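Work through the exercises below with the structure open beside you. Try each task before reading its solution.

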Amino acid sequence: MSFGFLRDKKTENGMPPVASLNVDNASSFSSKLAARRSAQKSSQENQSAEATTPDSAPSPSSNQDNNPAEGVNVPKPLSGQLKEWKQQIHQKLLKVMDLTVLETLGEQEARGQIREICQRVIQEEALPISLQARERILKLIEDEIMGLGPLEPLLADPTISDILINGADTVYVERFGLLERTDVRFDSNAQLMNIIDRIVSGVGRRIDESSPMVDARLKDGSRVNAIVPPLAIDGPVVSIRRFSVDRMTMDNLVELGTVTPTAAAVLKSVVLGKLNVLISGGTGSGKTTLLNILSGFIPENERIITIEDSAELQLQQPHVVRLETRPPNIEGKGEISQRDLVKNSLRMRPERIVIGEVRGGEALDMLQAMNTGHEGSLATLHANNPRDALGRIENMVSMTGINFPAKALRSQVASAINVVLQVQRQEDGRRRLVSIQEINGMEGDVITMSELFAFERQGLDKEGNVKGVLKATGIVPAFHENLQRKGIELPIDIFRVTEF
């Protein structure tokens, strides 16, 4: 997932930049974002106008969606006659071709053979198909046999961050933080189920009526969640969180306005100083992206163990051990949970433990690891604000069935976690870091926290974009002195309140 949503970039006067900023790239992104939103608004107006006119079948010669946005154009659905011909060719192909042979061939060679046989079938059946329509049909058949069928054009579009499938006839995508409906259609729910089976079987999982929910991933690392009937009433539902091919860095977030250069300097120092960091935020707020970026500051000579439900972290260091949970088999046995993996990781001599998302009882083992010498751990969880994040950890510890006195548990939380980062996806579709808080300790039965940076909201501009800036609150953190003792220089002026 990407943080790629731009606002006007502001820097704090007098502060050393974390990286040189490419203003031209930022301006270019801003132009693309404005063009996308303008295009989507025009598309919605056109759809409203067309709603009062009779439906007309798409022309066979019209093979692409007139989309002014940058990205791959998605072909329009085949008309009734072309759809019948495509199914006829596909069925004949399956009869004359041994698909097991394709597994021994390279992708390009296999696609070439599929295309050659399809061309022969068209000639033998004397189908009156135009050259342009023929190319569309051949491409669809190739994608269905070698790839993920109608999803292939969407997966080839770098501007799409999420693909949401609500049954065979409804597919939405997210571009630049905005949802839009596409013309992509599946032939039937059966075709969609075949594609889901192909995805989940590739990672050794299954989905059927007895196990109707599954998490999986694509070959490029994109995260997939699927839920099928009887739980999904209107047909199979698939959610794909795209994997960014170009790994983002903190410089990118500064360019995009997600963080200021001073906040970026603090985050880098926090990771280098081996403080335990918890990243909190809602669904789609950019927690995993920020976790990936922060992990990039971990020195290459450290041994890192990552633990995830569905592997999607992109650590670049040479000494990384990646662990992934395993669901139960058809007999309900063999499940390996995150808690099991956290326990096992403590026997693997980790120098850093990175947990993709804390969801349950593994919270207890994570706290114990952080409190027993495993410094510099990173983790994410779902919460609306930093205070709620600590409350959620308490709740998850209670899921283990072990009864802790509230004060003792909170004392362990306060001792284990040093910094909480809050990310938020705001109404303009942009993801922002909105708070950096340090955990100070306990006062009575309450965990005390200090907010070091806070997003100061200044309203909306004419285009509906949120105006605001992440500002220092003037509080110097207690960890500043510890960083200095470790030789990590972080100017104290960074924490001074600066007027914008």
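**Exercises on a predicted model**

In this predicted model, residues 24 or more positions apart account for 59% of the contacts in the protein with a separation of 6 or more. The protein has 15 helices and 15 strands, and 49% of its 500 residues are buried.

**Exercise 1.** Work out what span helix α9 (residues 261-272) should have, and compare it with the distance between its end C-alpha atoms.

*Solution.* 
1. Helix α9 has twelve residues.
2. The expected span is 1.5 Å times one less than the number of residues, so α9 should span 16 Å.

**Exercise 2.** Decide whether α9 is mostly covered or mostly uncovered, and find what follows the helix.

*Solution.* 
1. A residue is buried when its relative accessible area is under 20%.
2. Ten of the twelve residues of α9 are buried, so the helix is mostly covered.
3. The buried residues include P261, V266, L267 and V271.
4. Just after α9, K274 takes a positive phi of about 60°.

**Exercise 3.** Locate R430, classify it as buried or exposed, and find a polar partner for its side chain.

*Solution.* 
1. R430 lies in the loop between β12 (419-425) and β13 (431-443).
2. The relative accessible area of R430 is 6%. This is under the 20% cut-off, so R430 is buried.
3. The side chain of R430 makes a polar contact of 3.1 Å with the side chain of N465.

How values were computed: Residues numbered from 1 in each chain as written. Predicted model: local features only at pLDDT ≥ 70, side-chain atom pairs only at ≥ 80, totals over all residues. Heavy atoms only, no water. Helix = DSSP H or I, 4+ residues; strand = E, 2+ residues; numbered from the N terminus. Buried < 20%, exposed > 50% of the residue type's maximum accessible area, 1.4 Å probe, protein only. Contact = heavy atoms within 4.5 Å. Polar contact = N/O pair within 3.5 Å; in protein donor to acceptor, adjacent residues only side chain to side chain.
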